[in-house]
Amino acid sequence: MTGVTVVDHPLVARHLSVLRDRATPSSDFRRRLSDVSMLLLYEALRDLRVREDDIETPLETTGGMRLADEIVVIAILRAGLGMTDGALRLIPEARVGHLGIYRDEAALQPVGYYESIPRHAANAEIVVADPMLATGGSAVHALERIKRDTSGRLRFVCLVAAPEGLRALHDAHPEVPVWCAAIDRQLDERGYIRPGLGDAGDRIFGTD
């Protein structure tokens, strides 16, 4: 699908396999999700703009590079919280926002309940993060909210995506590129990704 990049790297595949395993405890799930998030963001931010700057080494002045634009990571709650640690390890200067969205299980529609989007420059690089792209409802809703009164270059990063969610996101926001570790087979009748890895939020926080 246009605009979708599957990060085909052995380390990403290894982490994903552990995350899929139902026997993986929450403590290891959180750590692995943080690690794989850092790898996914590394690829998703490959085209960041940089500017030249002078750097003082212990011995002399030399040329170096600094990021040219502000970076904002917006996590879709609650599972997106599991990706912010990896993002900040990779980009410590990034600002972090949160959008609370839950899925109405009967209607399979997103419902917003919380938002905190940092003020940022008009040319900021904005990464929206959520481990799962299932129906696409939360992702579409989040991007609509961000676009409503902010600007910047948007991109969406997830761990596992369903074809249905990718189509929904592309139809609503065709200009927003997506990076993921895998495109899974399909959604089941409950809107869960198959084979998937279960409910990412429950597995991060050890809830049922």
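This is a predicted model: local features need pLDDT of at least 70, side-chain atom pairs count only at pLDDT 80 or more; totals for chains, interfaces and linings use all residues.
Let me start with Val157. Leaving out residues up to four places away in sequence, Val157 touches Leu40, Leu41, Ala44, Met83, Val127, Val128, Ala129, Asp130 and Trp179, where contact means heavy atoms within 4.5 Å. Residues are numbered from 1 along each chain as its sequence is written, and side-chain values use heavy atoms, with hydrogens and water left out.

Val157 belongs to the largest nonpolar core, which has 35 residues; Leu33, Val157, Leu159 and Leu197 touch the most other members. By nonpolar core I mean a set of buried Ala, Val, Leu, Ile, Met, Phe, Trp, Tyr and Cys residues joined through side-chain atoms within 4.5 Å. Buried is under 20% relative accessible area, exposed is over 50%, and partly exposed is in between, with a 1.4 Å probe and protein chains only. At least two residues of this core come from each of helix H1 (10-20), helix H2 (26-44), strand E4 (71-77), helix H3 (81-90), strand E7 (125-129) and helix H6 (200-205). These elements are DSSP runs numbered from the N terminus: helices are H or I with at least four residues, strands are E with at least two. H2 gives the most to this core, with 6 residues. Apart from this core lies another, of 23 residues, among them Val4, Ile74, Ile126 and Ala161.

His15, in helix H1, counts as buried at 5% relative accessibility. Leaving aside neighbours within four places in sequence, His15 is in contact with Arg32, Asp35, Val36 and Leu39. Tyr42, in helix H2, is exposed, with a relative accessible area of 52%. Tyr42 and Ile91 are 49 residues apart in sequence, yet 9.5 Å apart in space, C-alpha to C-alpha.

In helix H5 (residues 163-172), the buried residues include Pro163, Gly165, Leu166 and Leu169. They lie on the same side of H5, because they cover an arc of only 160 degrees around the axis, the arc being that of the directions from the helix axis to the C-beta atoms.

I turn to the cysteines. How many disulfides does a search of the whole structure find? The search finds 0, a disulfide being a pair of cysteine sulfur atoms within 2.5 Å. For Cys158, the nearest cysteine sulfur is that of Cys180, 4.9 Å away. Cys158 counts as buried at 0% relative accessibility, and Cys180 is buried too, with a relative accessible area of 0%.

Next, the backbone. A cis peptide bond joins Leu77 and Arg78, with omega about 5 degrees; Arg78 lies in the loop between E4 and H3. The peptide bond from Arg194 to Pro195 is also cis, with omega near 0 degrees. Pro195 is in the loop between strand E14 (193-194) and H6.

Finally, the largest pocket. On a 1 Å grid over the protein atoms alone, a pocket is an open set of points where a 1.4 Å probe fits, with protein on both sides within 12 Å along at least five of seven lines; lining residues have an atom within 4 Å of a point. The volume is about 620 Å³, counted as the space filled by probe spheres set on the points, which are joined across faces, edges and corners. Of the 29 lining residues, Arg103, Asp130, Met132, Ser138 and Asp199 are the closest to the pocket's centre.
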